Amino acid sequence: MSSLISDTLKRLLDLVRTETSTEDLQKPPYESYAQLIQEINNRLSIGGNVLDKELLESMRNMVREALASFVRRRIEKIMRYYQVGKDIPQELLFIEERRFLMPLLELRVAEARESKAEGLSIVSFKKGFPTLYSVRLVSLGPFSQFDLVVLPRTDAEELMRRGVVDVIR
């Protein structure tokens with residue numbers, strides 16, 4: 001077996017093992033699932049030149065099972081955080097997970113409004129942004145591209161005016 005493919009499988013299995021061995025969400029070594037999959041596909045296609053078809057198909061099945069276990073575990077953890085009302089650390093999420101959460105976070109903002117928490121906005125950061133000091137005199141951030149954050153409306157409007165965020169709600 002090619003050492004390149006062996007290394008890829010080892011890294012993937014380590015990633016799955018780390019995520020499944022704890023109740024806390026782990027910081028992924030990739031920005032997105034797409035980036036992770038692309039790396040795996042690249043390494044498998046390189047190795048496909050030296051591996052026979054049966055071995056390559058067996059490896060693809062192992063990768064598919066490991067990825068399914070990894071994604072399932074992460075989504076379970078994220079939904080547990082959401083269900084109990086615990087803040088979900090955006091820096092621990094893949095880009096696709098942030099997009100998945102967007103409608104759920106909007107619901108949270110709607111619930112907050114009903115409980116007299118007026119003047120909040122959900123924003124999505126267009127680019128990274130350092131720590132900011134809110135109109136409520138608290139420090140927030142730093143933020144990465146695609147982070148979804150609930151901010152006081154005045155802060156959100158200022159950041160939108162500066163082209164840093166898109167206001168979602």
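Predicted model: local features only at pLDDT ≥ 70, side-chain atom pairs only at ≥ 80, totals over all residues.

Q: Okay, and what does the secondary structure of the protein chain come to?
A: The protein chain has five helices and five strands. Going along the sequence, the pattern is α-α-α-α-β-β-β-β-α-β.

Q: How much of the protein chain counts as buried?
A: That's 38% of the 169 residues. As for surface, the protein chain exposes about 9,900 Å², with 53% of it supplied by carbon and sulfur atoms.

Q: Let's go inside. Which residues in the largest nonpolar core touch the most other members?
A: Those are L12, L36, I40, L44, V63, L67 and F70, out of 16 residues in that core. The elements giving two or more residues to the core are α1 (3–20), α2 (33–47) and α3 (53–83).

Q: And which element gives the largest share of this core?
A: α3 does, with six residues.

Q: Tell me about F70. What does F70 touch?
A: Leaving out residues up to four places away in sequence, F70 touches L15, V16, E19, Y33, L36 and F94. L36 is also on the list of core residues that touch the most other members.

Q: What about L9, where is that?
A: L9 sits in helix α1. Once you set aside residues up to four places away in sequence, L9 touches M59, M62 and V63.

Q: How far apart are L9 and M62 in space?
A: Their C-alpha atoms are 8.5 Å apart, while in sequence the two are 53 residues apart.

Q: Why does L9 count as buried?
A: Because its relative accessibility is 8%, and buried means under 20%.

Q: Which residues is S69 in contact with?
A: Skipping its neighbours within four places in sequence, S69 is in contact with V16 and T20. The C-alpha atoms of S69 and V16 are separated by 7.2 Å, and the two residues are 53 residues apart along the chain. V16 is among the residues that F70 touches, too.

Q: Switching to the strands: where is S124 found?
A: In strand β1, residues 120–125. S124 counts as buried because it has 14% relative accessibility, and the cut-off is under 20%.

Q: What does S124 touch?
A: Not counting residues up to four places away in sequence, S124 touches F146, D147, L148, V164, V165, D166 and I168.

Q: Which element gives the largest share of the lining?
A: β4, with four residues.

Q: And which residues lie nearest the centre of the largest pocket?
A: I88, Q90, L148, V149 and V150, from a lining of 20 residues.

Q: How do the lining residues divide into nonpolar, polar and charged?
A: Eleven are nonpolar, five polar and four charged.

Methods. Residues numbered from 1 in each chain as written. Heavy atoms only, no water. Buried < 20%, exposed > 50% of the residue type's maximum accessible area, 1.4 Å probe, protein only. Areas by Shrake-Rupley, 256 points an atom, 1.4 Å probe, with all protein chains shown as cover. Core = buried A, V, L, I, M, F, W, Y, C linked by side-chain atoms within 4.5 Å. Contact = heavy atoms within 4.5 Å. 1 Å grid on protein atoms, 1.4 Å probe; cavity = no way out; pocket = protein on both sides within 12 Å on 5 of 7 lines; lining within 4 Å. Nonpolar A, V, L, I, M, F, W, Y, C, P; charged D, E, K, R; others polar.
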